[in-house]
Structure formats: structure tokens, C-alpha cells
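Opening the notebook on this one. I'll jot down what I looked up, topic by topic.

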2 protein chains.
Amino acid sequence: MENKFRFAKEIVCQAGVFLKEHLHDDLDVVQKSSPTDLVTQMDQKIQDDLVEKILARYPDDAILAEENDLRHDIADGNVWVIDPIDGTNNFITQQADFAIMLAYFENGQGQFGLIYDVTRDQLFHGGGAFDVYCNDRKLSAFINKPLQAYLIASNASMLEHNHWGLADLSRACLGVRVYGSAGISFGKTLSGGLAAYFSYNWPWDYAAAYVMADKLGFVIQTLDGGQPNFQTKEPIMIAPKCKLGELQEYLRKGKG
Amino acid sequence: MENKFRFAKEIVCQAGVFLKEHLHDDLDVVQKSSPTDLVTQMDQKIQDDLVEKILARYPDDAILAEENDLRHDIADGNVWVIDPIDGTNNFITQQADFAIMLAYFENGQGQFGLIYDVTRDQLFHGGGAFDVYCNDRKLSAFINKPLQAYLIASNASMLEHNHWGLADLSRACLGVRVYGSAGISFGKTLSGGLAAYFSYNWPWDYAAAYVMADKLGFVIQTLDGGQPNFQTKEPIMIAPKCKLGELQEYLRKGKG
């Protein structure tokens, strides 16, 4: 597993170097499901390169990825989960606040996850048998201070409509942020800068953080308190296990 | 003025070096007007150092600054406007996404402004007689694409309550972000990554961007379309001059 983890870090960093070199290239922007759901040739290129490298080295492994309908069942064998550019709208408009994410599962068990915040050059990595680091700094587990001492992050639409009571929750916290990238939000949470993050996420949005969360005292679950299904887009949160009771009071009230 | 501008860049960069060296120090956090309005010994220290250096070099100049009630009239003589740490809550909880801001006015006329995003090491500087740069990169003026191609940034509370129609406006754009720092939001706008930014701001929040905005096709005004008063906290926006008409339709409708 250590070789596989080292390989994963290498190919994610290589992808990051490529993106940094091509950060100011002209982009071919294409709409997917809506005018705000965009993809570029760089998303395609990064995913194609990662898939090619993984299958060249591990030809029996399978892929669950954002682009091209690569949707292998997470519970079936050795599965790599890829989000080539998370935060594509930030990437297109700001050339910042986007992440490359990669996670590796064996028969549904997370082995390691990687979130690379390319322009800040911060690689979050670990989970499974590995401690969780940001670059060379081992991350500490969540510290149980009052909610008032912590920021949270949210999807803008959930906040606007107070879905699941998120606007109410945000007023019980130090404040709320909207970054437009699951990878950026998960990275800030895992490294202690946010107590929790709430959004509608696909499996490739949360897979890497899902593997790293447990070691740091966090859990990723649906806003109903269930296991993410690793198949569809669901309302998802990462939250500290020791705060789940307190958070779920807001979520329950807000839902009903 | 070139010497004064060079001096300003030097003292802001020195303050940034100090903050980076002390980024993981224990903080003495004190509440100001509310549980989410916080200040630390670092805000005090950075402001005190900047004031001391400015007055040692320019003893006849005056100061308008966030801490210690230094509130010189912007229209009266040579005035330095200081925000020692903008985004204090981000600084406290994330050690990221905060900025040091400094602006210089003579008899109410902006001469130059500086916004230093410390952890990204991005110094936005210029305005008045100077071109506007991010570090060594000269910034281009706003490019007039449809709103749908641009992100905007907002204060969380304005967005939640659709004050001034901001939630409606955000749906006409590519999306909305909440960064919790005027400096970070202005920097992203001036460098083309956001079409506009809306919040309740004090003079030290907007003074530096106010000086830089004009050269890049932007204007900073109140949400009623007036001049900021450089005295109180007001609802403020930075927006491209060529988009003002379109934006004001949302603001008027939203105001009711």
C-alpha cells in the first residue's frame, strides 16, 4: 500500500505542475447540466492523464471519476476515485481555489485520499493506515471548542434558503464562508480552519476527504445522518464526531 | 510620491514578514462590538508598528485606522489609512485569507493603495499616478463579458436575506463566494476574478481598493450609488463602471 500511496502522490503532484504551467492558457469552456456547471479541456486532460497512468501501472484496478461516465461501483475491488479539477468555476475565473482530488478504495474500504490545493501548493494526504498531513505537517485532530469559536463553510444556495437550518447554524458559529470548491472546503476543515462544511456533493467531491476524516475526529455523512452512497449527488457534510449531536439539532429543526 | 509609495510597500511587506513568522503564535483574542467582532494582539502590534514607522518618517502626516480610534478626516491634509489585519476571524481560525491594507490620501485625493494577501504572498499595489500591479504583474482593466461569466462576492448576511437583491443577482452570475475578508475580495476583483463585491465596510476596509479601482475600470460606491463617506460603516460595493446600470437594477429592485 505504501508504494501505491507514493505513486498516487506522484501523479497528483505531476498533474498540479501541469496545471500551474498552463494556468493562463485559453480555456475551451463547455456547459454540462446548466449554465453554471462547466467543464474545460483541462478537466478532461487531467483526468485522462491520471486514468492512463493508473491503468498503465495497475491494469486490474477500476475508476470512478467525474468526467466521461467512469462509474465503477466503489464496493467492487480496487477503485480509484478521481476529481481532476474540483472548483472548475474558480479555476476558470480566478485561476485559484481549485483542487485535484484522488482517493483509493479496496472493496469499499478507503485506503488513502489526496486533496491538492494547486495554487496554494498544499497537498492534504493520508487516511486508512496513514497519518494525515498537509505537505510535511502532520495534522492534529479536531479540538472541541464551542461552535462560536469556529467558522463553517456551506454551499451558497443552502445558506440563502436556510435549508437544513444552515443560516441559523451559521449564526451560532463565528461565521460562514462560501468557497465554491469542495476540495478547498474539506482541506480547510481537515486542517482545523473550519468546524464543518455542507454542500450537495458527488462521490468524487467527498471520496478523498472521506478517507482522511476519521483519523482527525471528523465524519462525512449525508445531512440525514446516513452513509454517503458513492453513486449520486447528495447533501453531504463533514463534521467533528464530538459536535454531531449539536449540529444535528440545527439540521433537524431546519429540515422540518 | 514615488519615495512615499516605495516606503509604503516596504513597511507593508515588513508587516507581512512579521505576521508570517508569528502565524502560529498563541493569540489573545478580545471581543469588540459582538462575539464575532474580534481583535488580537497581532492587529494591535501591526497597526502600532505601521503608525510608528509612518510618523517617524512623515511626522506631519495623519492616520485613519481601525484600532485605537485613530480617525483623522480623510479630506484634511496627508492621511494614511490602515487596516492592520483585515479578515481577523480568518486569521484567528485559519491563519489564511487575511490582508494588510494601507492607503495614502492628500486632501481627500487617493495617491496609492496596497492590499497584501499575506499567506498567498500577493501584494496588490498602485492607483493615483501609478499603474496597478499584483506583485510584478500589471493588472488589466475589467473585460466586459456577460454577468453569467463572472463570480461575485458578498457578505454572508446580505446574501442570506437577499438584501439589495444580492441573492437574485448571484443567480444571474456564475455564482457567489463569501471570503470573510474585504481585502481578499477586493484583490480578487481588481485582478479580474470577481465582477463585483458587496459588504458592510468601514473606510479602512475599502480605502486601498478605492484608490486602485479607477485605473482598472472599477468604482467603489455605496449601494445607493453615493460616494463612501470615509467615516462610518456603510453598505459598499466595488463594481465595473460598464456594469453599473445592470447591477443597479438588481440593487433597486431588492431594496424594494
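Predicted model: local features only at pLDDT ≥ 70, side-chain atom pairs only at ≥ 80, totals over all residues.

**Aromatic pairs**

I searched the whole structure, all chains included, and got 38 aromatic pairs. My rule: rings of Phe, Tyr and Trp (its six-membered ring) pair if their centres lie within 6.5 Å, with planes under 30 degrees apart called stacked, over 60 edge-to-face and the rest tilted. I looked at B:Phe7 and B:Trp80: their ring centres are 6.0 Å apart and the planes stand at 85°, so I wrote the pair down as edge-to-face. The pair ties together distant parts of chain B, since B:Phe7 sits in helix α1 (residues 2-21) and B:Trp80 in strand β4 (residues 78-86), 73 residues apart. Helices (H or I, at least four residues) and strands (E, at least two) are DSSP runs, numbered from the N terminus. I checked burial too, and both B:Phe7 and B:Trp80 are buried. Buried here is under 20% relative accessible area, exposed is over 50%, and partly exposed is in between (1.4 Å probe, protein chains only).

I also noted B:Phe91 with B:Phe98, an edge-to-face pair at 4.9 Å centre to centre and 80° between the planes. B:Phe91 and B:Phe98 are both buried.

**Ground rules**

Residues are numbered from 1 along each chain as its sequence is written, chains are lettered from A and ligands numbered from 1 in the order in which they are written, and side-chain values use heavy atoms, with hydrogens and water left out.

**Charges over rings**

I count a charge as over a ring if NZ of Lys or CZ of Arg is within 6 Å of the ring centre and within 35 degrees of the ring normal. B:Lys4 lies over the face of B:Tyr58, 4.4 Å from the ring centre. B:Arg71 does this with B:Trp202, at 5.8 Å from the ring centre.

**The two copies**

Which surface do the copies meet through? The same one, because 100% of the interface residues of chain B are also interface residues in chain A. Contact means heavy atoms within 4.5 Å.

**Helices of chain A**

I checked the length of α1 (residues 2-21): its 20 residues at 1.5 Å each should span 28 Å, and the end C-alpha atoms are 29 Å apart, which agrees. The expected span is 1.5 Å times one less than the number of residues. Buried residues of α1(A) include A:Phe5, A:Phe7, A:Ile11 and A:Leu19.

Next I took α7 (residues 203-213), where 10 of the 11 residues are buried, so the helix is largely enclosed by the rest of the structure. Among them are A:Trp204, A:Asp205, A:Tyr206 and A:Met212.

**Hairpins of chain A**

Strands pair if DSSP finds at least two bridges between them. I followed β7 (residues 122-127) into β8 (residues 130-134): they run antiparallel, joined by three bridges. A:Phe124 stands opposite A:Cys134. Two residues separate the strands of this hairpin, and A:Gly128 in the turn has a positive phi of about 65°.

From β8(A) I went on to β9 (residues 137-138), an antiparallel pairing over two bridges. Here A:Cys134 has A:Arg137 as its bridge partner. This hairpin also has two residues between the strands, and A:Asn135 takes a positive phi near 50°.

**Positive phi elsewhere**

A:Asn68, not a glycine, has phi near 65°. A:Asn68 is in the loop between β3 (62-65) and β4 (78-86) of chain A, and is partly exposed at 45% relative accessible area. B:Phe230 has a positive phi of about 55°, again without being a glycine. I placed B:Phe230 in the loop between β13 (218-222) and β14 (234-240) of chain B. Buried or exposed, then, is B:Phe230? B:Phe230 is buried, at 7% relative accessible area.
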